[in-house]
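Here are my notes after a pass through the model you sent over.

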Amino acid sequence: MVSWRLRTLDRKLMRDLWRLKFQALAIALVMACGISTYIMSMGTLHSLTETRDIYYDRYRFADVFAALKRAPLSVAERIADVPGVMTVYPRVVFGATLDMPGLDEPATARIISVPDMGEPPLNVVHLRRGRMLEPRETDAVLVGEAFAEKHNLNPGDRVTMVINGHKRTPMIAGIVLTPEYVFSIAPGGLMPDDKRFGVFWMSRQALEAAVNMDGAFNDLSLKLTHTAQVKNVLDAVDLELAPYGGLVAYERADQLSNWFLSGELDQLKVMATVSPAIFLSVAAFLLHIVLVRLIATEREQIGTLKALGYGNRAIALHYLKFIAVIALLGALMGAVAGYILGKNLTGLYASFYRFPMLTYEIVPRVFIEGALFCIIAGFSGTLVPVVRASRLPPAVAMRPAAPPSFRQTLVERLGLERWFSQPARIILRHLERRPVRFAFSVAGVGMALAIYVGSSFVVDALDYLLEVQYDITDRQDALVTFVETRGSRALEEVRGLPGVMRAEPGRMVAARLKAGPREERTSITGILPGGELQRVIDDKLRAVTPPESGLVLGRKLAELLEVRAGDPVEVEVLEDRRPKATLLVTAIVEGFIGARAFMDINALHRLMYEGPNVSAVAVSLDAREAAGFFAQLKESPLVASVLRTEAARKNFDETMGENMRTMTLFHIFFAGLIAFGVVYNTVRVAFSERSRELASLRVIGLTRGEVGYILLGEIGVVVLLALPIGCAGGYGVAAALSAALDTELYRIPTIVAPMTYAHAILVVVTATLISSWTVWRNIRHLDLVSVLKTRD
Amino acid sequence: MTPVFDIRGLTKTYAMGETVVRALRGVDLRVEAGELIVLLGPSGSGKSTFLNIVGGLDVPSEGQVIFEGRDLSSLSEDELTFYRRNHVGFVFQAYNLVPSLTAKENVDLVTEITPNPLSSVEALSLVGLGERINHFPAQLSGGEQQRVAIARAIAKRPAVLLCDEPTGALDHTTGIVVLEAIADVNMRFQTTTMIITHNAAIAAMADRVLHFADGRIAREEKNASRALASEVTW
C-alpha cells in the first residue's frame with residue numbers, strides 16, 4: 001500500500017540519486033570497503049574455526065602435552081590414573097638432521113613415533129598421498145605435506161637423515177597432515193620455513209631402536225574428560241615427570257601450532273570489528289553532509305509536499321529510502337567484494353595453515369549483518385536531519401531559509417587579516433561557520449592517512465625488528481645446536497671447520513622462573529662476556545654485559561613476572577640435575593622475540609654445577625667457504641639443527657614480503673577511497689551550496705582560477721590540517737596494534753618510517769587532486785545566467 | 001446554509017528573536033461554499049498567515065477555524081495533514097513544482113494519495129496542458145508551470161482552493177490564462193476559492209474582496225457581479 005502510494009515520490013528519489021550518482025557511488029564504495037572487510041574476515045574466521053574444530057575433533061588432537069628426557073612406559077600408565085585423564089599417548093619424539101639436495105646446510109627434522117600396529121590414539125595423521133606405514137615397517141616414514149611440497153618429495157622417494165648419530169635413508173611411504181602442525185614452525189623460528197624444517201613419522205619400533213628408547217617415552221599427549229580440572233592434571237603430570245627430566249606440561253592453548261592459529265583468528269576478529277567501524281563511520285559522515293545539503297536544496301519541495309497532504313512519515317521515509325538505496329548498494333558491492341576477498345584470503349591461509357580441506361564458506365548471517373550495518377550506519381548519520389526535515393512546519397519550509405550568518409574569523413578577531421587576501425578570508429569564514437563539518441572533514445581525511453600509516457607500519461616495524469635481531473643481537477651467520485650438551489671440545493671442533501672465522505659457545509637451559517604467585521616457563525641463555533655474536537642490548541640498542549652473578553630479563557619476561565631490576569626471582573632449571581636458586585634481577589634488556597632470560601655464561605655453568613659445556617655454538621663464516629662448512633655439518637652425528645641467519649632472513653622477507661605487497665595495495669586503495677570520498681563529497685556539497693555566490697563572483701569579474709581558489713582553497717585547508725593529524729593518528733593506530741600484537745612469542749615495535757608517512761600523504765594528496773579536478777570542471781562550466789535566475 | 005469556514009477571533013503571534021510579531025489580531029469571517037474571495041493588502045498585513053492557517057499549513061495562536069463543523073486548531077498534525085490532503089488545493093506564486101518530476105508526475109503526487117481524484121491527464125487538460133504532460137518544469141514557461149500547479153491543486157477535487165499570488169511572477173497575458181483556469185475550476189466544481197494578490201484589478205473577479213491591514217480585515221466589499229478573468233486588465 002505504502003509503496004504504491006509513494007510511486008511518484010520514488011521516481012523523484014531515483015532521479016535525485018541519478019543526479020548525485022557520483023557522490024552516492026563514492027559513499028557506497030566507502031561502505032563497500034568496510035563491509036567487504038567484514039564479510040571477508042568473518043567468513044574466513046567462520047571457515048577457519050569450523051575447519052579447525054572438526055579437524056581437531058576428528059583427528060583427536062590432544063588437550064595436554066609434555067616433553068621429558070626419558071621415562072619408562074609404566075609412568076604413562078600411572079598418569080592414566082590421574083583424575084580427568086581420558087587417554088594417555090606416550091611417544092618418542094626426536095630431532096634429526098636431513099641432507100636435502102639443493103640445500104647447503106642440513107635441514108632440521110622432527111621425528112614422531114607412531115604405533116607399530118593401528119592408528120595412534122591421539123594426534124592422528126591424515127593421509128594426503130601414498131599410504132600409511134605397514135605394521136612393523138621399519139624402513140619407511142611418513143612426511144608432512146609442507147616439507148614434501150617444498151622439496152618435491154613423492155611416495156617412493158628416499159631421504160637421507162642423521163638420527164642420533166646414525167645415518168639412515170628411509171623410504172617415504174605417504175605424505176600426511178596432522179593437527180599438531182597445522183602451522184609448522186621450527187623451534188626458535190620466526191616464520192614457517194618449510195624448506196628447512198619438516199615433520200616425519202616413523203614406526204615406534206624403528207624409532208626406539210634408533211634412539212635407544214626401548215620401553216620408554218620422551219613425549220606425552222593426553223586427552224582429558226570434559227569435566228577435568230586442567231590445572232590439577234598439569235600439576236599431577238609435572239609431579240610424575242619431574243624425576244624423568246620432565247619439562248613443564250602445557251595445555252592445548254600453549255601448543256605452538258594452535259597458539260599461532262588462535263592468534264590469527266583473534267586478529268581476524270579485530271579486523272572484522274575495527275576496519276568496518278572506521279569505514280562505516282566515514283560513510284555515515286559523508287551521508288550526513290550530502291543529505292543535509294539535499295534537504296536544504298529541497299526545503300521548499302518539502303513544504304510543497306506537505307501542503308499537498310504528505311505527512312511527516314512520508315517525507316522521512318522518502319529521505320530514508322534515499323539513504324537505504326546507497327547503503328544497500330554499498331552492502332551489495334561489499335558482499336561481492338567480500339566474498340571474492342574471503343575466498344582469496346582463505347586460499348592464502350590454506351598455504352600457511354595446513355588443513356585436510358579448507359574452503360571459504362558462505363555464511364548467510366554475515367551477509368545479512370553486513371547489509372544491516374550499512375543501513376544502521378547510513379541512518380545513524382542521517383536520522384537527525386531527516387527527522388528535522390520531516391518536522392519542518394510546511395509554512396516555514398515554504399519560506400526560503402534565512403541567509404547564513406557569518407562573523408569575523410578568529411584570524412580577523414586577532415587582527416591578522418592584513419596577512420590574508422579577500423578570497424582567503426572568504427575561505428576562512430566558511431570554514432569557521434561550520435566548525436563541526438570542518439572538523440569532521442579534517443577527521444575523515446585524517447582517517448584515510450591513519451588507515452594507511454597504521455596498517456603499513458608493520459613493514460617498517462618488521463624491518464626494524466630484523467635489523468635489531470640479526471645485526472645487533474644475534475649476529476652469528478649460523479647457530480649450530482647439538483643433540484646433547486657437550487664439553488668445551490665441541491667448540492674447538494667447530495672452530496676447526498672450514499670457513500669459521502669466529503666461534504662462540506652457546507649455552508641454553510630450559511627453566512621455570514617464579515616471582516611471587518607468577519610463574520613462567522622459559523629458557524636461560526648464557527652470554528659470553530665480551531662476546532661478539534650473541535649479545536643483549538638495552539633500550540638504546542647498546543650491548544649490555546651481564547654481571548658475573550644474577551639474572552638479566554628480557555622486557556617481556558619482566559612484564560609477565562612483574563619484576564624490576566633488584567627484585568629476586570626463583571629459578572628452577574628443568575634439565576640435568578634440575579638445580580634451584582634464587583637470583584636477583586640485575587637488568588632488564590630489550591628484545592622483540594620471545595620472553596627470555598640471560599646470564600653470564602660462567603654464572604650459568606656454576607648454577608648448573610658443570611664445566612664450560614656448550615649446547616650450541618654461534619659462528620661467523622667466511623662466505624666463500626660456507627658451503628664446505630655446512631657440508632661437514634650434514635655428516636655430523638652430533639648436530640641437532642643448524643639455524644642459518646641469512647636463510648632465516650630471506651625466508652622472512654619472501655614470506656612477509658609477498659603478503660605485505662598485496663596488503664599495501666589494499667591499503668592504498670582503502671585510504672585513497674576514503675580520502676576521495678571525503679574530499680569529493682565535501683567539495684561537491686560546498687559547490688552546490690555556493691554556486692550562486694561563486695557565479696556572482698564570476699559576474700563581478702573574478703576569473704575561474706580565482707573562483708576555483710575560493711572553493712578548492714577550503715578543501716586545501718582541510719587537507720593541510722588533516723596531514724599532521726592523520727599522521728599522528730596513524731602512529732596512534734600503529735601503537736595500538738603493537739600493543740594488541742604484543743605476545744609472549746614476539747613483540748612488534750611501534751616504528752613508522754618517514755617513507756611510510758610520505759606514501760600516505762602522497763595517496764591522500766593524489767585522491768584530493770583527482771576529486772578537486774572533477775569539481776574544477778564544473779566551475780569551468782558554471783552557468784552564470786541560469787544560476788543567478790534561480791533562487792538556490 | 002452552513003458556511004464552509006466559520007472563523008472566529010483568529011490570532012497569530014510569532015516570536016522573531018526578541019520581538020513578538022502579531023501577524024493576525026482577531027479575524028472573524030464566514031465563507032460560503034463556492035465563493036471566490038480575493039484578499040488584498042500590503043505586505044505584512046497578515047494575508048499569507050491567514051491563508052496558511054485556513055489551509056492547515058500553520059496553526060493559530062488563538063481563535064477558531066471551523067471547517068465543515070470541525071475546529072482546525074484542535075486537529076493533530078496527522079489530522080491536519082489529512083485535511084490538506086483531502087480538502088485543500090494550494091497554488092503558490094513560485095509554482096513549487098518538484099523539478100525532477102514531469103508535469104503529469106507532479107499531478108500524480110496528489111492523485112496517488114487522495115480518494116476519488118480526477119485523473120492527472122484530465123486535470124492537466126482542464127488547464128489546457130493536455131499536450132505537455134511529459135515535460136519537466138524546466139521545459140515549461142512560467143504560465144505553464146503555474147497551470148501545472150493549478151492542475152495539481154484541483155486534481156483532488158478540493159473543497160477549498162487557496163492561491164497565494166498566483167500571477168505574481170507572470171506577465172499580463174499569461175496571468176489572464178492562469179486566472180481563467182482558476183475561475184473555471186471555481187465555477188465548474190463550485191470550489192470555494194481564496195486568492196491573495198497585490199493586484200487590485202483582480203478584485204473584479206471576486207464575489208467578495210477582503211482588505212487586510214495590520215493583521216485585521218480592515219474592509220470588506222461585495223461585488224454585485226463577477227467580472228470574467230478575460231475582462232481583467234492591469
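1. Let's start with a helix pair in chain A. Helix α2 (residues 7–19) and α10(A) have axes that come within 10 Å and cross at roughly 45 degrees. That angle makes α2(A) oblique to α10(A). As for the hand, α2(A) passes α10(A) in a right-handed crossing. Bear in mind throughout that this is a predicted model.

2. Which residues make that contact? From α2(A) come A:L9, A:L13, A:D16 and A:L17, and they meet A:H318, A:K321, A:F322 and A:V325 in α10(A). Sorted by class, the contact of α2(A) with α10(A) has 5 nonpolar, 1 polar and 2 charged residues. For reading lists like this one, remember that an α-helix has 3.6 residues a turn, so residues three or four places apart point the same way.

3. Staying on α10 of chain A, which spans residues 312–352, have a look at A:L320. Is A:L320 buried or exposed? Buried: 21 other C-beta atoms lie within 10 Å, and the cut-off for that label is 20 or more. Setting aside neighbours within four places in sequence, A:L320 is in contact with A:F379 and A:V386. A:I375 is worth a click too: A:L320 and A:I375 sit 55 residues apart in sequence, yet 9.5 Å apart in space, C-alpha to C-alpha.

4. Next, α9(A). Of its 9 residues, 7 are buried, so α9(A) is largely enclosed by the rest of the structure. The buried residues are A:Q301, A:I302, A:G303, A:T304, A:L305, A:K306 and A:A307. What covers them? The cover includes α10, α11 (364–391) and α12 of chain A, together with α2 (77–87) and β6 (88–92) of chain B. After α9(A) comes A:G309, whose phi is positive, near 110 degrees.

5. On to the interface between the chains. Here 19 residues of chain A are in contact with 21 residues of chain B. On the chain A side, the elements giving two or more residues are α2, α9 (299–307) and α12 (394–398). The largest share comes from α2(A), with 6 residues. By class, the side of chain A that touches chain B has 6 nonpolar, 6 polar and 7 charged residues.

6. Another pair in chain A: helix α3 (residues 21–58) and helix α20 (residues 645–699) pack at an angle of about 150 degrees, with their axes 9 Å apart. These two helices are therefore roughly antiparallel to each other, and their crossing is left-handed. On the α3(A) side the contact is made by A:Q23, A:A26, A:I27, A:L29, A:V30 and A:C33, and on the α20(A) side by A:F670, A:L673, A:I674, A:F676, A:G677, A:Y680, A:N681 and A:R684. That comes to 10 nonpolar, 3 polar and 1 charged residues.

7. Chain B has a helix pair to look at as well. Helix α5 (residues 142–154) and helix α6 (residues 172–189) of chain B have axes that come within 9 Å and cross at roughly 10 degrees. That makes α5(B) roughly parallel to α6(B). The residues involved are B:G142, B:G143, B:Q146, B:R147, B:I150 and B:I154 in α5(B), meeting B:T174, B:V177, B:V178, B:A181, B:I182 and B:V185 in α6(B). Classes here run to 7 nonpolar, 4 polar and 1 charged.

8. Last, chain A as a whole. It has 23 helices and 23 strands, and its C-alpha atoms fill a box of roughly 100 × 65 × 50 Å along the principal axes. Of its 792 residues, 45% count as buried. Among contacts in chain A with a separation of 6 or more, residues 24 or more positions apart account for 84%.

Conventions
Residues are numbered from 1 along each chain as its sequence is written. Chains are lettered from A and ligands numbered from 1 in the order in which they are written. This is a predicted model: local features need pLDDT of at least 70, side-chain atom pairs count only at pLDDT 80 or more; totals for chains, interfaces and linings use all residues. Helices (H or I, at least four residues) and strands (E, at least two) are DSSP runs, numbered from the N terminus. A residue is buried if 20 or more other C-beta atoms lie within 10 Å of its own, exposed if 12 or fewer, and partly exposed in between; C-beta atoms are placed from the backbone. Two residues are in contact if their C-beta atoms, placed from the backbone, lie within 7 Å. Axes are lines fitted to C-alpha atoms, for helices over the stretch in contact, and angles run from 0 to 180 degrees between N-to-C directions. Angles under 35 degrees count as roughly parallel, over 145 as roughly antiparallel, 65 to 115 as roughly perpendicular and the rest as oblique. A crossing is left-handed if the near helix is turned anticlockwise from the far one by less than a right angle, and right-handed if clockwise. Ala, Val, Leu, Ile, Met, Phe, Trp, Tyr, Cys and Pro count as nonpolar, Asp, Glu, Lys and Arg as charged, and the others, Gly among them, as polar.
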